[in-house]
Amino acid sequence: MIELDGYRPIRVVLEESGFTVTLAERKADAKAVWLKSFPRGASGAALLTREYEFGRWLDTPAVLKILGLENTRDNTVIIYEAFEGGLPLRRLLPATGVSL
């Protein structure tokens, strides 16, 4: 579970491909957020930094809103606005993919 100052972790939602997503509550306003992290390291930090740089400019209801990027001693963490009832796309698609 991701520990980040200013946030209260609630539960791990997903652990996959080296990253962890934790549902958390922002202590300042009790807002629900997703914390996505990779263990600290060059490749994980670079990947999340690129995801942050690209995603923070997207302003559409079809994409999770990025609230911030934090670097801790152990992790690089992207903070996303949370939503109710969502599932990762890969859980909705068959393992064989979708033919177009």
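**Figure 1. How confident is the predictor along the chain?**
pLDDT is the predictor's confidence in each residue, on a scale from 0 to 100. This is a predicted model, in which local features need pLDDT of at least 70 and side-chain atom pairs count only at pLDDT 80 or more, while totals for chains, interfaces and linings use all residues. Residues are numbered from 1 along each chain as its sequence is written, and side-chain values use heavy atoms, with hydrogens and water left out. The protein chain has an average pLDDT of 84, and 90% of its residues score at least 70. Helices (H or I, at least four residues) and strands (E, at least two) are DSSP runs numbered from the N terminus. Among these elements, strand S4 (residues 66-71) has the highest mean pLDDT, 93, and helix H2 (residues 89-92) has the lowest, 66.

**Figure 2. Five strands build an open sheet.**
Two strands count as paired if DSSP finds at least two bridges between them. Follow the sheet across and you meet the strands in the order S1-S2-S3-S5-S4, with antiparallel pairing. Which strands sit at the edges? They are strand S1 (7-16) and S4, each of which pairs on one side only. Neighbouring strands of this sheet are turned by 25° against each other on average, direction ignored. For such angles, axes are lines fitted to C-alpha atoms (for helices, over the stretch in contact), and angles run from 0 to 180 degrees between N-to-C directions.

Look for Thr-20 in strand S2: its bridge partner in S3 is Ser-37. Thr-20 and Ser-37 are 17 residues apart along the chain, yet their C-alpha atoms are separated by 5.4 Å. The next pair to find is Val-21 and its bridge partner in S3, Lys-36. Is Thr-20 buried or exposed? Thr-20 counts as buried because its relative accessibility is 16%; buried means under 20% relative accessible area, exposed over 50%, and partly exposed in between (1.4 Å probe, protein chains only). Contact means heavy atoms within 4.5 Å, and leaving aside neighbours within four places in sequence, the contacts of Thr-20 include Ile-2, Val-12, Leu-14 and Leu-35.

**Figure 3. Strand S5 pairs with both S3 and S4.**
S3 and S5 pair in the antiparallel sense over seven bridges, and Val-33 stands opposite Glu-81 in S5. S4 and S5 are antiparallel too, paired over five bridges. Here you can find Leu-69 with its bridge partner in S5, Ile-78. A hairpin of three residues joins S4 to S5.

**Figure 4. Nonpolar side chains gather in a core.**
A nonpolar core is a set of buried Ala, Val, Leu, Ile, Met, Phe, Trp, Tyr and Cys residues joined through side-chain atoms within 4.5 Å. The largest one has 12 residues, among them Phe-19, Trp-34, Leu-48, Ile-66 and Tyr-80. Strand S2 (19-26), strand S3 (31-39), helix H1 (42-55) and strand S5 (75-81) each supply at least two of its residues. Which element gives the largest share? That is S2, with three residues. A second, separate core of eight residues includes Tyr-7, Val-33, Val-77 and Ile-79. Not counting residues up to four places away in sequence, Tyr-80 touches Val-33, Trp-34 and Glu-51, among others.

**Figure 5. Charged side chains pair up in salt bridges.**
A salt bridge is a side-chain nitrogen of Lys or Arg within 4 Å of a carboxyl oxygen of Asp or Glu, and by this rule the count comes to five. In one of them, the closest N and O atoms of Asp-29 and Arg-26 are 2.8 Å apart. Asp-29 is partly exposed at 43% relative accessibility, and Arg-26 is partly exposed at 21%. Another joins Lys-31 and Glu-81 (3.2 Å, N to O). Lys-31 lies in strand S3 and Glu-81 in strand S5, so this pair ties together parts that are 50 residues apart in sequence.

The side chains of Glu-51 and Lys-36 meet at 3.0 Å, N to O. Glu-51 counts as partly exposed at 23% relative accessibility, whereas Lys-36 counts as buried at 15%.
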